[in-house]
Amino acid sequence: MEFIWQDMRYGARMLLKSPGFTVVAVLTLALGIGANTAIFSVVNFVLLRPLEYANPDQLVMVWERNTKKGWNESPTSFADFVDFRDNAKSVELVAFTDTNFNLTGGDQPERVAGLRVSANLFSLLGVNPARGRWFAPGEDKPGAGHVLILSYGLWQRSFGGNSNLVNQTVQLNGQSYTVVGVMPPTFKFPPAFSATTTSEELISNADLWVPLTTDDVPLIRNIRNLKMIGRLKAGVAPQQAQAEINSIASRLAMSK
């Protein structure tokens, strides 16, 4: 409890200094037999500028936390994510994991940092591409065609800002991917931040995004490499979402 009060006092001080701060609520989960009590951190990340997403005050991060095993802000498995996503009614959830790709088809071969993401990530964040479109529903299903979205920086750096690149193919790890969109220059996901992050440090290492599918990440519970974010449904308070997530977590724990 002392840690919670410390977080609350810290958050209150920061908000009083700058009322315009955007607060990203962090939902922490407890999974595992004998460790099913979740703790909601009222303030965990305070940014020095608003996130450039639609209604950022509705965005939350969801972590697994198992005090029995010593996990703190742990990633989740694909199978657990599917259970949370399909059973949560108060919050829309998406998952992502980082990976590296060998990119060819640009000015020169390049090793780039990317993310595998749920197809609805961009619609959940509410940020429109500068060119092209978001991922379509179903493009994160097994066997779906290979598509990708480029960061503005990679589009400029490797493709010279080619205005005809959308719907063209490039090679990632030797496989053909169709470029369906280019994000705006200000878009960064995931934002790399902590409680001490300054606006100048709010950066992302991701150069491109591809759909997260079971073709690439196994649908099992003992590989924990996914992070989750969510958007609270209209009229839902964080405490209500926390209670629902706790309930799902408890059911998962009892089934293991």
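Here is a short chat about a predicted model, its helix H5 and the residue Ser90.

This is a predicted model, where local features need pLDDT of at least 70, side-chain atom pairs count only at pLDDT 80 or more, and totals for chains, interfaces and linings use all residues. Residues are numbered from 1 along each chain as its sequence is written, and side-chain values use heavy atoms, leaving out hydrogens and water.

Student: How many helices and strands does the protein have?
Tutor: Helices (H or I, at least four residues) and strands (E, at least two) are DSSP runs, numbered from the N terminus. For this protein, that gives five helices and twelve strands.

Student: How far apart are the end C-alpha atoms of helix H5?
Tutor: The expected span is 1.5 Å times one less than the number of residues. Helix H5 covers residues 238-254, so its 17 residues should span 24 Å. The model agrees, with the end C-alpha atoms apart by 24 Å.

Student: Is Ile245 buried or exposed?
Tutor: Ile245 sits in helix H5. Buried means under 20% relative accessible area, exposed over 50%, and partly exposed in between (1.4 Å probe, protein chains only). Ile245 has 0% relative accessibility, so it counts as buried.

Student: Which side chain joins that of Ser90 in a polar contact of 2.5 Å?
Tutor: Ser90 is in the loop between helix H2 (78-87) and strand S5 (91-104), and is buried at a relative accessible area of 5%. A polar contact is a pair of N or O atoms within 3.5 Å; within protein, one must be able to donate a hydrogen and the other to accept it, and residues adjacent in sequence count only if both atoms are side-chain atoms. The partner of Ser90 at 2.5 Å is Glu244.
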